[in-house]
Amino acid sequence: MTANDSSPHHLQLTRDGQLRHFLTLDGLDRALLTDILDTADSFIEVGERTIKKVPLLRGRTVVNLFFESSTRTRSTFELAAKRLSADVLNLDISTSATSKGESLSDTLLNLEAMASDMFVVRHSQSGAPHFIAESVTPGVAIINAGDGRHAHPTQAMLDMLTIRQHKGQFEGLKVAIVGDVLHSRVARSQIRALNELGAEEVRVIAPGTLLPKDVESLGCTVEYDMNRGMQDLDVVIMLRLQKERMEGALLPSEREFYRLYGLNQQKLALAHPECIVMHPGPINRGVEIESAVADGPQSVILNQVTNGIAIRMAVMSMAMGGQVAERQQKLSERGQA
Amino acid sequence: MTALLDIDQLLDQMEAGLSQALEQRGVESPVLIGIRTGGVWLADVLSKRLGIEEPFGELDISFYRDDFSRIGLNPRVKPSSLPFDTEGRDIILIDDVIMSGRTIRAAMNEIFDYGRPASIILATLIDLGARELPIQPDVAGKTMALESHQRVKLRGPDPLRIELQEAGQ
Amino acid sequence: MSSVNTSGSSLKITGGRLFDGQGAEQENTALLIRDGRIAAMGEAAAREAADETISAENGVITPGFVDLCCNLREPGNGQKGNIASETLAAAHGGFTTVCASPETSPVNDSSAVTHLIRDGAASRSPIQVLPIGAITRGLEGDLLSDMAGLASAGCVAVGNGSRGVRNARILRRCMAYAQTFGLTVMFSPENQALAADGYAHDGLVTSRLGLLGIPEVAETAAVMEMLLLAEETGVRLHLSQLSCARSVEMLADARSRGIAVTADVAMHQLVFTEDALAGFDSRFHVRPPLRSESDRKALIAGVREGVIDAIVSQHQPHDTAAKQAPMAATEPGLSSIESVLSLGLELVEMNELALADLIRALTRGPASVLGRTARLAEGETADICLFDPDAFWTPGATTLVSAGRHAPVIDRELPGVIRLTLSEGRKAWPQPEI
């Protein structure tokens with residue numbers, strides 16, 4: 001028996017199925033994910049102009065609400081918002097309010113006074129953006145910039161854009177995700193996106209300590225042996241390994257991890273010759289990936305940055321668009337009533 | 001009920017008008033930009049008629065529309081594609097129908113984000129009047145007025161034809 | 001509480017179906033209550049005149065419900081509720097006896113706190129409150145509390161609330177010491193090292209939502225350890241709030257070997273599963289966590305077959321702020337006591353549980369864990385619940401009696417309206433008008 005219908009996909013779509021928040025890829029169908037990729041393609045073109053700016057969000061305020069600091073992700077969101085002509089406010093909450101014991105609800109109350117139109121939220125707790133989307137004033141769009149182990153939907157979508165640019169389509173693709181899947185919000189979103197977009201196989205390659213329980217239920221196969229797992233791959237995605245994983249007895253050492261699950265040229269040679277190598281960054285060279293591979297011809301790691309700005313412009317403009325369209329609809333309904 | 005206007009006649013009119021405008025202004029090597037979707041089809045036809053060999057540009061004005069705050073983002077936006085440098089160029093901007101003038105405003109804003117053109121000539125297949133902004137076409141295939149229940153629509157690309165739709169049909 | 005009845009006044013309940021907790025259901029003709037006791041039943045009662053007569057038509061009459069696990073939040077800072085608010089909520093749920101969890105602030109680890117609770121109940125509770133003492137000092141899990149003192153102050157059992165005991169050696173000594181005084185020990189089985197930072201069932205939903213999981217083995221390993229230690233020490237063990245199918249199996253096995261062990265399950269474990277968390281609904285952050293559908297089914301079977309003796313509310317009222325945050329930052333627990341019966345009736349409606357089993361697990365079952373009875377018979381204390389199983393009510397966040405607004409079901413129509421709760425013959429619900 002389910003308790004309610006406030007599952008994320010009801011929350012993030014308008015009645016017409018338009019995006020109004022972007023919290024997770026759960027519940028978004030292939031058509032919508034494709035719309036996001038197509039819209040991002042248009043924004044890539046904008047990025048090639050003399051003036052890399054469109055007036056879509058002119059006069060709107062976007063607040064980057066980072067409860068967990070990440071200069072890189074925050075910068076791409078900031079640039080994306082500015083290229084949409086929005087005013088941007090960066091709040092690094094990790095060092096201010098919450099460390100003084102202020103609750104998330106109280107922080108939000110204070111922020112609402114700023115009459116912002118969009119919060120870009122990064123938080124160390126799974127579900128925090130969802131909670132904010134439920135608590136915040138209607139009309140404010142929430143974009144998930146990574147929450148706990150749950151989801152990092154913009155990162156996953158930019159990876160999908162990169163894959164589509166190199167492979168043209170998702171049908172028939174064999175994709176592996178290697179490393180710390182257990183703690184990875186990126187991996188969860190990627191598995192979901194690849195399944196919805198029609199990839200033939202998603203394989204996760206990791207030791208048992210770095211896999212969530214019943215991981216197959218997410219829509220993937222499991223391979224413990226990387227040499228076997230590399231066979232016939234079209235795409236290999238390496239995940240970042242945090243140093244603290246050695247402490248909780250999850251792994252014996254970086255050296256053993258690299259030997260078994262690090263990507264080097266020998267292992268890459270086992271994949272399809274046109275296999276591309278991806279990494280959400282920042283890279284630990286010599287822990288997840290050999291430099292020769294990271295900088296090699298099959299690596300598409302740098303393309304991912306340009307795509308990151310375009311994807312964020314796409315979801316920000318689509319979610320804001322959903323919010324304004326919904327507000328108009330409500331106003332006209334009220335007018336008729 | 002669909003009444004067909006003679007498309008070829010309108011295109012002749014546009015071609016003649018454009019040739020004249022280019023001559024008057026002394027423009028020697030113009031580039032064409034069509035506004036999606038109908039304007040792009042027309043740019044294709046007119047570039048051949050005018051003998052312009054340089055590939056024409058395609059403009060998607062979705063990111064520049066002034067009704068974003070009412071209807072949100074067009075979900076079928078495609079990348080604009082201007083396969084030339086607009087800086088200092090003489091541009092012929094083409095759309096199928098002009099009415100309020102808002103589309104043209106958005107298109108000009110977008111063109112300027114690529115660089116500063118030397119001039120823009122605006123050509124439309126049909127001018128329906130009912131302007132809301134001080135924007136006028138330099139060349140129009142036909143000027144006409146519609147009843148409030150009528151809509152006009154360019155279908156294409158092959159063959160191009162004009163549909164006059166009566167509301168409620 | 002004192003049983004000063006308005007002297008001589010009598011109450012008669014006529015009609016309705018009667019479940020006396022002993023098995024068979026009877027069509028009741030009448031029930032006469034005088035001086036806090038059931039003075040007469042059946043035709044003898046029907047013949048007698050009474051000061052007030054209540055018709056129980058379409059209703060079900062049962063002994064008042066007994067809750068082995070309820071948090072009254074007193075002593076405490078008052079924000080989450082107090083004895084008056086939570087015992088009234090319990091009466092609204094049909095309960096006439098609630099065991100007060102030792103997890104108060106300060107913890108009930110001394111006779112002084114026990115007296116505080118009993119005094120508070122005597123003056124402000126419409127129902128009976130039975131304190132459970134903390135088995136270790138401060139519930140810290142390493143030093144024994146004054147168990148004998150707690151028992152003589154009125155604690156009916158000792159337990160660890162929802163907190164763990166540091167290690168098996170201390171657990172063994174807790175049991176051995178409690179056994180000395182014949183005290184029942186109530187333990188929530190959870191291996192803290194395995195549960196670690198988790199707050200949700202380690203399963204499908206946790207994997208998808210990236211929540212931190214508590215594996216089933218965190219419970220089952222603790223159940224096994226406790227059963228072995230109980231067997232060895234001979235203590236009377238009560239396992240509180242089981243959540244796993246495997247726990248039920250081990251419990252049945254231990255019983256068949258003659259180990260003195262009883263157990264309960266929270267009603268929400270019988271109704272909801274991990275799926276309730278799908279929308280990050282922090283209300284359903286409970287401990288032990290809501291587990292899988294197969295666990296839920298096995299727990300229901302456990303109740304049906306009597307392996308699990310009692311269904312409890314595990315009522316944990318919280319202030320709004322404690323529940324309004326991302327799940328990891330919220331406190332576990334539901335404000336559940338007012339909807340226990342209704343959720344149970346939904347199970348009955350879906351043919352998952354027989355009404356007689358539901359009633360038994362709310363009355364005779366928990367009473368026997370405490371060495372008490374819950375019967376409708378001449379001469380028994382008049383702890384009685386009268387409810388209408390076919391009437392509906394809708395819990396609303398602002399209409400709950402409890403200070404906790406996070407009920408498992410809000411704004412949905414539920415079957416089962418409590419029409420009357422009598423505690424020692426006096427009206428506990430509806431609140432008598434003053």
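## Helices, sheets and chain contacts

Student: Is the crossing in which H5(C) passes H8(C) left-handed or right-handed?
Tutor: This is a predicted model, where local features need pLDDT of at least 70 and side-chain atom pairs 80 or more, while totals for chains, interfaces and linings use all residues. Residues count from 1 along each chain as its sequence is written, chains are lettered from A and ligands numbered from 1, in the order written. A crossing is left-handed if the near helix is turned anticlockwise from the far one by less than a right angle, right-handed if clockwise. For H5(C) passing H8(C), the crossing is right-handed.

Student: What do we call the way H5(C) lies to H8(C)?
Tutor: The axes (lines fitted to C-alpha atoms, for helices over the stretch in contact, with angles of 0 to 180 degrees between N-to-C directions) of H5 (168-180) and H8 (216-233) of chain C come within 10 Å and cross at roughly 40°. Under 35 degrees would be roughly parallel, over 145 roughly antiparallel, 65 to 115 roughly perpendicular, and the rest oblique. So H5(C) is, to H8(C), oblique.

Student: Which residues in H8(C) do the H5(C) residues meet?
Tutor: Helices here are DSSP runs of H or I with at least four residues, strands are E runs of at least two, and both are numbered from the N terminus. H5(C) brings C:Ala168, C:Leu171, C:Arg172, C:Met175, C:Ala176 and C:Gln179. In H8(C) they meet C:Glu225, C:Leu229, C:Ala230 and C:Thr233.

Student: By class, how many residues in the contact of H5(C) with H8(C) are nonpolar?
Tutor: Ala, Val, Leu, Ile, Met, Phe, Trp, Tyr, Cys and Pro count as nonpolar, Asp, Glu, Lys and Arg as charged, and the others, Gly among them, as polar. This helix contact has 2 charged residues and 2 polar ones. The nonpolar count is 6.

Student: Which chains have the most contacts?
Tutor: Two residues are in contact if their C-beta atoms, placed from the backbone, lie within 7 Å. Chains B and C share no contact, and their closest C-alpha atoms lie 27 Å apart. Among the 2 pairs of chains that touch, the most contacts are between chains A and C.

Student: Which helix gives the most to the side of chain C that touches chain A?
Tutor: That contact takes 28 residues from chain A and 27 from chain C. With 5 residues (204-209), the top contributor on chain C's side is helix H7.

Student: And how many residues does chain A put into its contact with chain B?
Tutor: Chain B gives 17 residues to that contact. By class, chain B's side has 9 nonpolar, 4 polar and 4 charged residues. Chain A's share is 21 residues.

Student: How far apart are the C-alpha centres of the domains of chain A?
Tutor: An automatic or database assignment sets the domain bounds, and chain A is split into domain 1 (8-151 + 306-336) and domain 2 (153-301). In their contact, 23 residues of domain 1 touch 19 of domain 2. The two C-alpha centres lie apart by 27 Å.

Student: What is the bridge partner of A:Arg203?
Tutor: Strand E6 (201-205) and E7 of chain A pair in the parallel sense over 3 bridges. The partner of A:Arg203 sits in E7(A), and is A:Thr221.

Student: Over how many bridges do E18 and E19 of chain C pair?
Tutor: Both belong to an open sheet of 6 strands in the order E3-E2-E7-E18-E19-E20, with mixed pairing. One bridge joins C:Ile384 to C:Leu422 in E19(C). E18 (384-393) and E19 (414-423) pair in the antiparallel sense, and the bridges number 7.

Student: Where is C:Pro106 found?
Tutor: The peptide bond from C:Ser105 to C:Pro106 is cis, with omega near 0°. C:Pro106 is in the loop between strand E9 (95-100) and helix H3 (111-124) of chain C.

Student: What is the phi of B:Ala130?
Tutor: B:Ala130 is in the loop between strands E4 (119-127) and E5 (139-143) of chain B. Although this residue is not a glycine, its phi is positive, at about 55°.

How values were computed: Pairing = 2+ DSSP bridges.
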